[in-house]
Amino acid sequence: MALRNHPAKYSAFGLVRRGLRKTNWPRVWREPDWKSSYDVIIIGGGVHGLATAYYLAANHGITNVAVLDKAYLGSGGSGRNTAIVRSNYLTPEGVAFYDRSLDLYNTMSVDLNLNVMFSERGHMTLAHTDSALRTMNWRAEVNKLQKIDSSVIGPDEIKKLAPSLDVSTNTRYPILGALYHPPGGTIRHDAVVWGYARGADAQGVDLHQKTEVLDILCEGGDGADGKGAGATVTGVRTRRGDISAPIVVNCTAGWASTIAGMAGVRLPITTHPLQAAVTEPVKAFLPTVVVSGSLHVYVSQTDRGELVFGASVDPVATYNMGGTLEFTEELAGHVLELMPGISKMRLLRQWAGLCDMTPDYSPVMGPTPVEGFYVDVGWGTYGFKAGPVSGEQMAACVANRATPDLIKPFELSRFTEGELVGEKGAAAVGH
Amino acid sequence: MKNRLPSRAGEQIDRSTILSFTWNGKKLEGFAGDTIASALVANGVTVLSRSMKYHRPRGLLTADYWDPNATVQVGDEPNVRAAHRRLEDGMVVSAQNVSPSLRFDVKAANGLVGRFLTAGFYYKTFMKPAALWPRYEKILATFAPGGKVDLNTPHGYHDKRYAHPDVVVAGAGPAGLAAAIAAAADGASVMLVEHEHEVGGHLLWGTDDDRATAAALRAEAEAAGVEILTNSTVTGRYEDNWVAIAQRSHPMAVERLIKARAKMLIVAAGTIERPYVFAGNDLPGVMTSGAVQRLIRMYGVKPGTRAVVLAANDSGAAAVAALDDAGVDVARVIGSGDRAALVKATGSSTRIRKVHMGDGTTENCDLLVTAVGWTAPTSLLNMAGDRPVYDPSAARFFPGTPPDNVLATGGITGDGTRDQLIEHGRATGRLAAGRAAVVCHRLQASTARAASVDGAEPSYPADERAALPRAPHPEMFRAATHGIVDYSEDVSSKDLFGAAAEGFDSVELIKRFTTATMGPSQGKLETVNTVAVLAEARGETIAEVGTTVWRPPYAPITLGALGGRVFEPVRVSAIQPWHEANGVTPILAGQWIRPEHYGDPAEEVRNTRTNVGITDVTPLGKLDLQGPDVPKLLSLLYTNKWMQLPVGGVRYGIMCAEDGVVLDDGVTGHLGDDHYLMTTTSSGAATVWNWIEMWLQTERPEWQVHVTPITTGLASINIAGPNSRALLGRLTDDIDLGPEAFAYMQVRTGTIAGIDDCITWRIGFTGELSYEIHVPSQHGLHVWNQLLEHGVDLGVQPFGLEAQRIMRLEKGHFIVGQDTDGLSKAPTTGMIPLLKLDKDDWAGKPEVAWVLDDDYPVVVAVQPTDPTVVPEEACQILRADTIDIVGRITSSRFSPTLGRSICLAQVSQEFSEPGTELTVLLVNGTRTTARVMEHHAHFDPEGTRLRG
């Protein structure tokens, strides 16, 4: 799966050589010529779409592939998430799914010959109530059996790992314990996007940015314009022109239901913003990722020294990514509950991303009632963590025209056949 | 203070007040009114910081809030803007980002290898060997810029303020002041917010006449009743003009957040002067024209001795005039818009020494002043949805079309004389006041309280302002050489060219790859130069490249100000004083503090099972439901049937979410005609209320149901045990407690301990004969005391949550969220008879119907083979001799009643048959066995006690 056909291998040696010769690096990916036909079109140039393209080429030899993005690569959720990865999920299937993702992340820098700066700094989920502690114990017990490094630790050990946390008992939500997962951590999310993009491009995949999809072309279906159930996809219409292809994969987030609607496929998705924020940089003081469910906050410090905060999705369904003042107020209040010593740090920037929520908090992956039209959507708040394994599995799904077992539970048909993903759901979000 | 000029009119400093402070441990002095930076420069300090990556020495550049080189540590506060923060006596100031000291910095060696450390170099190396990356990462992390957090920093005083002004004006330069005055004159209430310490904007460092005008405008604004907030920043504009203001001038708070719902927002943010990109542009002594004017005119500080001035606009000439005033020798003025005129600057590690011209000549100097153009800080307008538009003839971006309730005025919109700016400001103020009056009228007309408003709605004024002129300006972004574009991030134009050549060639990609514009000023200084360099690299126009989206906040705001007071309310019942006076051990349960026990929970269980116990269950969610359609609502939300529940009846029900997962459970009583009381779990109270409102408001708006949450309106007490009837009987005359008159699962309303309207129902969570009484909250403590007083001979004792949990476990009652989880659908509870599939419809029914055919896990009662082993809650149940998980222990206690351990567990159906032997993996890693019981109830499965 290692990168092949690459014109410029990245290495320290290369940096020195080009530094001495004062030459620029060649393009990380080509600016491809426009083509009117491909074997596979992938809509969405985020980590899911690019990983799918990469693995189509790397694992299945399918390289006549186009990835289309309406803006620039990684402009959606891939560039807006808080870049936390972990595998300490609750169900054995969830653990297996995300552990595969974590494996791929672990070797990604070498596989893609681009340093994605995976920082295995440990991941700590705080428990503030006895019921939360019970859930942590449950997760730890499951993880133990799965050979996942994950255990419940007490306030003293928490204090050692993250001295900025207030573990005293006189707080409103005292920290009773935490689920500690040393292999979890953070990653440079943009680098993951670029790594897959560069890797896909090197194998011949065309990456078309600023190429918004306006319609999906179908024939033979029951609905208007030959779309809907029973149809066969024939291509897409973009702002730059039509492209024909027998296979179209919807790897978008935020507008997944709109894109699917263009093929006459209805997805059970509502879209909610999830807000995040970052502070000014300060010298390193928070070595692990800290998550508090009760206080609706997760926080980590980047190598650049900024604290990155995220919360849960906004309660109201909207496409508005403007962000709210209330979010920053609640966030700051809760963070100061956890770390009272940082009140003089300043919030530098807030932003929002869109999360496509499904009724069972599980993604929708695989074929649709339109022949040749596939989806990898509905990833809610956890799409980034699953990017590599999703790409790998979707590539197999498309290449073999058969859904791999690992993602079989996520097929769209489950909503009409009553097989909602529950405890069997590999990626069903833990709690 | 060797660089201090003689006193002059209009300066901001008070020379009669001398302030002492330390800089990197050295004692220095400044004047009241100085900024930290002006005092440092007055003392001859030229190097204020070192850069992030190459640790290059940096001096003052813009001498204002946005100065990227003047960020310092002040005591426990990191990242203080030294060119904005006023000096205080005793300040302990130190340079940030130095290793080990500002003068000698070993990391400056990085500068020598800079050609290898191009932007994003870290993406291209350290991949192998993978095992070493964590060490590289630690080294990289030491390059993080910024100051140090002192984890012992006290939270301090942080309050917030709400305001409802007609007009908020962001920026108090001439246009902003004039706008505020005109709006106030037309009757609007106005908040005028100024980022700097004094109003006046650029007039403050202008001519004597400019400063006199600023003073006059200030007086006029004060007289007009404008609220002036200096040293305060409008940090955000959110939906519907929800405006955030960071007030740093509050007498007590370090920073205070003001939240204003402005009917109109006027953005008069002025302009920010752009640095020029050329080789050596970050040498100490290279400054913008605004910086030298500020230093000389506001602080009486001499910025250098011999200057070269690059003057592509009027501000350059003004800087020359200021330098002349200050006695600085102006060696050469390059009065040209030709980007080839200046090539590079060279110097020592502490100061610029020489400027190299395009014509081959050089000039020795210790100061290079650049005046090459302006950036319009359109950030607040962006937040309102506006996208700026580039005008090449003026070499800057201008606002596009903001929404109607946001107006821009002053330098951000164009150029012009002082009088033109003031006139544009006045016209904007009048327009804002006119529009605010319409909004006011509409608000009043639509409030119930003020149904009639005087007069007709004023007409909505159209925007008929004459636009300010745009002065032609050469496009001066970069000389022919490469220099620093983003000072905070140490990103050069060469880095940007390289990144563009590599394919990171859209403005967002180049930002992410090089981190240009991502530093503390968020692009206020750097964005336009970044865009210009990218355009040059791509051979495109600036308009084609476009710009990034500016997000809130406009300027960084402290977490303290945003968080405000730590205000997390605690809920306690009316009986809490008694608990606290009687040795309670409390437990945190969501928002509530509840009694966990009073010393010995096992004894509390024993007494309740033998005599009578009372417990405070006030946190139970309680909803008062009234209206003819309540039965329909109950039938829709509960899985069982509710249409026939008679008045006086109480029923238990389970609620599902739409995915069939158990949402909540509880009992609901039929109190009277069209009147019900619903109880929910304590933690589910808010969820259920929201759930009901969601159904009533969005799905069944035609139903007549009123829902009132009354959880805290009623104090709830459970009286349980064989003597409970006798005890309650002593306190009520009008409720017949006879077993037939008031049977199990019945409700009565009557007088208890002299308190009317107490709701009493007979239920049996503990498994004993028991009554749950709901009394008006203010009488809760009284009734509690009466129960204790009248039950002494009956053996009454209080019991806490722990005893209640033990007793419910002895009875095998599941708890939502403990024995079920976020994936447990209703059949898992084992309450199959309550799932009425023959009922027309209920929330979750299709999913429950589906899952009933499946192999869903089931809650069962379990007893460990060894009665002394109490498995931890969360222990996994395994298929024997494997590590395959088939279930888990969800509740586990030692039963004082049975003298053995008892549990509830969730197991797959294969393991749910009574008598099945389970393998339980204890947390310590050992395995033990347990047996599935026939009934959920470990104790009194027939329920004879509770029905007695």
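Predicted model: local features only at pLDDT ≥ 70, side-chain atom pairs only at ≥ 80, totals over all residues.
Hi everyone, let's begin with the cores. In soluble globular proteins, nonpolar side chains tend to be buried together. Here, the largest nonpolar core has 96 residues. The members that touch the most others are A:W29, A:I42, A:V192, A:Y196 and A:V249. And which helix gives the most to this core? That would be helix 2 of chain A, residues 47-60, with nine residues.

Let me stay with A:I42 for a moment. Leaving aside residues up to four places away in sequence, A:I42 touches, among others, A:G49, A:T52, A:A53 and A:L56. Its contacts also include A:V65, A:A66, A:V67 and A:L68, as well as A:V249 and A:C251. There is a second, separate core too, with 51 residues, including B:I13, B:V45, B:V47 and B:L60.

Now, on to the interface. Chain B brings 104 residues to the contact and chain A brings 95. How much area do the two chains bury between them? About 8,900 Å², with 58% of it on carbon and sulfur atoms. On the chain B side, B:Y123, B:R512 and B:L559 supply 9% of the area buried against chain A, more than any other three residues.

For those of you who like electrostatics, the count between the chains is 11 salt bridges. In one salt bridge, the side chains of A:D130 and B:R805 meet at 3.2 Å, N to O. By class, the side of chain B that touches chain A has 51 nonpolar, 25 polar and 28 charged residues.

Terms used:
Residues numbered from 1 in each chain as written. Chains lettered and ligands numbered in written order. Heavy atoms only, no water. Core = buried A, V, L, I, M, F, W, Y, C linked by side-chain atoms within 4.5 Å. Buried < 20%, exposed > 50% of the residue type's maximum accessible area, 1.4 Å probe, protein only. Helix = DSSP H or I, 4+ residues; strand = E, 2+ residues; numbered from the N terminus. Contact = heavy atoms within 4.5 Å. Buried area = accessible area lost by both parts, 1.4 Å probe. Salt bridge = Lys/Arg side-chain N within 4 Å of Asp/Glu carboxyl O. Nonpolar A, V, L, I, M, F, W, Y, C, P; charged D, E, K, R; others polar.
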